[in-house]
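Please walk me through this structure. I am new to it and would like a brisk tour.

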Amino acid sequence: MNSLNKEFLFDLLFLSFILSLLNSFFFTNFVSSQGIDEVSFDGVIFFTLFFLVLYVFHLLVSSLKYAIARITKNSFPAKLIFFNVLVLLLLGSICFFVKDLTPMFLIFSLLLFNITSYVNKYYTK
């Protein structure tokens with residue numbers, strides 16, 4: 001199995017799960033600390049719902065990263081440029097759709113996806 005496939009499996013199975021878990025935890029704590037009463041769900045239900053939505057988002061981002069890597073022949077600079085632009089457009093469209101800037105906190109997930117690409121490219125042979 002080549003390094004690109006290993007990176008894709010790592011992103012799908014591990015990184016997407018951990019990022020979704022952490023982001024859901026931070027977001028639900030933020031909502032509960034702000035005392036937002038608009039959320040009528042129980043905390044566990046809200047966390048689970050938000051986790052599932054974020055997990056699908058991270059799976060989509062992982063698949064997008066793999067597709068861009070395949071198209072650019074795993075050229076690191078081209079992959080990062082195209083990947084970052086497309087994910088920022090995706091986040092911008094989500095913010096436009098929900099009319100709120102809160103989803104922009106997912107830029108930190110983008111940073112971690114870039115770090116895994118860097119580590120895969122330069123530290124694994």
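**Where the helices meet**

In helix 2, His 58, Val 61, Ser 62 and Lys 65 meet Ser 109, Phe 113, Thr 116 and Ser 117 of helix 4. Meeting here is contact, that is, heavy atoms within 4.5 Å. Helices (H or I, at least four residues) and strands (E, at least two) are DSSP runs, numbered from the N terminus. By class, the contact of helix 2 with helix 4 has two nonpolar, five polar and one charged residue. Ala, Val, Leu, Ile, Met, Phe, Trp, Tyr, Cys and Pro count as nonpolar, Asp, Glu, Lys and Arg as charged, and the others, Gly among them, as polar.

This is a predicted model: local features need pLDDT of at least 70, side-chain atom pairs count only at pLDDT 80 or more, and totals for chains, interfaces and linings use all residues. Residues are numbered from 1 along each chain as its sequence is written, and side-chain values use heavy atoms, with hydrogens and water left out.

Now the geometry. Two packed helices are described by the angle between their axes and the distance between the axes. The axes of helix 2 and helix 4 cross at roughly 35° and come within 12 Å. Axes are lines fitted to C-alpha atoms, for helices over the stretch in contact, with angles from 0 to 180 degrees between N-to-C directions. The crossing of helix 2 and helix 4 is right-handed; in such a crossing the near helix is turned clockwise from the far one by less than a right angle, and anticlockwise in a left-handed one.

Helix 2 (residues 43-71) also packs with helix 3 (residues 76-98): their axes come within 9 Å and cross at roughly 150°. Helix 2 and helix 3 are therefore roughly antiparallel, the word for angles over 145 degrees. Their crossing is right-handed too. Among the residues that meet are Phe 57, Leu 60 and Val 61 in helix 2, and Phe 82, Phe 83 and Val 87 in helix 3. The contact of helix 2 with helix 3 holds 13 nonpolar, no polar and two charged residues.

What lies inside? The largest nonpolar core has 16 residues, of which Val 61, Phe 83, Val 87 and Phe 113 touch the most other members. Such a core is a set of buried Ala, Val, Leu, Ile, Met, Phe, Trp, Tyr and Cys residues joined through side-chain atoms within 4.5 Å. Buried means under 20% relative accessible area, exposed over 50%, partly exposed in between (1.4 Å probe, protein chains only). Helix 1 (3-34), helix 2, helix 3 and helix 4 (107-123) each supply at least two residues of this core. Helix 2 gives the largest share, six residues. Apart from this core lies another, of five residues, including Phe 8, Leu 12, Tyr 66 and Ala 69.

Two single residues come next. Ser 32 sits in helix 1 and is exposed, at 52% relative accessible area. Asn 74 sits in the loop between helix 2 and helix 3. Asn 74 counts as buried, at 18% relative accessibility. Leaving out residues up to four places away in sequence, Asn 74 touches Leu 4, Ala 69, Lys 79 and Lys 121.

Finally, step back to the chain. The chain has four helices and zero strands. Its C-alpha trace spans about 50 × 25 × 20 Å along its principal axes. Of its 125 residues, 36% count as buried.

Conventions. Parallel < 35°, antiparallel > 145°, perpendicular 65-115°, else oblique.
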